[in-house]
Amino acid sequence: MKDLILSMMVSLDGYVARPDGNLDWFRSDGELEAETLALLRDVDAMVFGRVSYLLLAEYWPAAGATAAGATAAAAPGGLTGGERGLELARLMNSIPKIVVSGTLRTAPWGPATIVGEGLAEELTRMKREARRDLVCFAGADLAFTLMSLGLVDQYRLLVHPIVLGTGIPLFHGLEPEQRLELTRTRTFPSGVVLLHYRRDRRAATA
């Protein structure tokens with residue numbers, strides 16, 4: 001069975017966005033961009049909530065038309081334009097999407113599959129049948145749901161050198177307790193620190 005990776009940008013105090021959803025505090029650099037692209041090249045599918053999916057569906061289908069199309073505001077990892085932007089657009093448009101929604105009936109930005117009821121069972125089946133890992137980049141609400149259901153196998157946290165003080169938290173109210181194993185760290189020129197954790201399955205079965 002393959003893993004579901006939760007890849008999120010967070011402030012030092014654990015927020016994924018300002019209270020109004022603003023992401024203007026995100027930082028990036030060439031090494032961080034390359035890291036994000038490497039992850040995208042090695043996944044079978046991306047998991048989105050309805051809001052994130054519809055927002056990105058308005059942008060990415062046309063983004064590959066120009067090297068300047070992939071801008072930091074819409075890109076996982078704060079990716080910029082140029083050759084990296086073109087590759088990002090190609091990957092975002094070609095990688096299969098799993099859209100978690102109880103109301104969405106069609107998903108035109110594809111290839112896409114809508115998952116409504118039975119989320120835990122469906123994602124578990126998809127992980128079992130996948131050739132490579134799945135990744136979720138966006139949506140605090142979806143991230144919380146996936147964590148609460150015990151579906152997240154790896155946490156890929158890009159910690160930014162800023163304390164927001166308030167905002168949309170990633171982990172607030174999460175139960176039950178989850179123990180993690182630190183498997184990798186990396187510091188980027190922008191000051192962003194990658195903390196890569198895997199769920200401690202020994203603790204979960206103890």
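**A tour of the sheet and its surroundings**

Author: Happy to! Let's start inside the sheet: Met8 has Leu157 of β7 as its bridge partner. Bear in mind that this is a predicted model.

Reader: Nice. In which sense do β1 and β7 pair, and over how many bridges?

Author: Strand β1, residues 4–11, pairs with β7 in the parallel sense, over seven bridges.

Reader: And what's the strand order of the whole sheet?

Author: The order is β5-β4-β3-β6-β1-β7-β10-β9, in an open sheet of eight strands with mixed pairing. β5 (112–115) and β9 (180–187) are at the edges; each has a single partner strand, so one side of each is left without a neighbour in the sheet. From one strand to the next, the twist averages 25 degrees.

Reader: Where do the antiparallel pairs come in?

Author: β7 and β10 are antiparallel over six bridges, with Tyr155 opposite Tyr197 in β10. β9 and β10 are antiparallel too, over seven bridges, and there Thr187 stands opposite Val193 in β10.

Reader: What about the hairpin of β9 and β10, how many residues are between the strands?

Author: Five residues, and Gly191 in that hairpin takes a positive phi near 95 degrees.

Reader: Switching to helices: which strands does α1 touch?

Author: Helix α1 (residues 30–40) packs on the sheet and touches β1, β3 (43–49), β6 (133–136), β7, β9 and β10 (193–199). Its direction makes about 165 degrees with that of β7.

Reader: And where does α2 lie?

Author: Helix α2, residues 50–57, lies across β3, β4 (97–100) and β5. Relative to β3, α2 runs at about 110 degrees.

Reader: Which residues line it?

Author: The lining of the second largest pocket is Asp44, Ala45, Pro96, Lys97, Ile98, Thr113, Met126, Glu129, Ala130 and Leu134. β3, β4 and α5 (119–129) each supply at least two residues of that lining.

Reader: How does that lining split by class?

Author: Six of its residues are nonpolar, one is polar and three are charged.

Reader: Last topic, confidence. Where is it lowest and where is it highest?

Author: Helix α7 (residues 201–205) is lowest, at a mean pLDDT of 57, and strand β7 (residues 154–160) is highest, at 97. Residues 67–73 have pLDDT below 50; in the model this stretch has 17 contacts beyond near neighbours in sequence.

Reader: And what's the mean for the chain?

Author: The mean pLDDT is 87, with 88% of the residues at 70 or more.

Definitions and conventions
Residues are numbered from 1 along each chain as its sequence is written. This is a predicted model: local features need pLDDT of at least 70, side-chain atom pairs count only at pLDDT 80 or more; totals for chains, interfaces and linings use all residues. Side-chain values use heavy atoms; hydrogens and water are left out. pLDDT is the predictor's confidence in each residue, from 0 to 100. Helices (H or I, at least four residues) and strands (E, at least two) are DSSP runs, numbered from the N terminus. Contact means heavy atoms within 4.5 Å. Two strands pair if DSSP finds at least two bridges between them. Axes are lines fitted to C-alpha atoms, for helices over the stretch in contact, and angles run from 0 to 180 degrees between N-to-C directions. On a 1 Å grid over the protein atoms alone, a cavity is a set of points where a 1.4 Å probe fits but cannot get out, and a pocket is an open set with protein on both sides within 12 Å along at least five of seven lines; lining residues have an atom within 4 Å of a point. Ala, Val, Leu, Ile, Met, Phe, Trp, Tyr, Cys and Pro count as nonpolar, Asp, Glu, Lys and Arg as charged, and the others, Gly among them, as polar.
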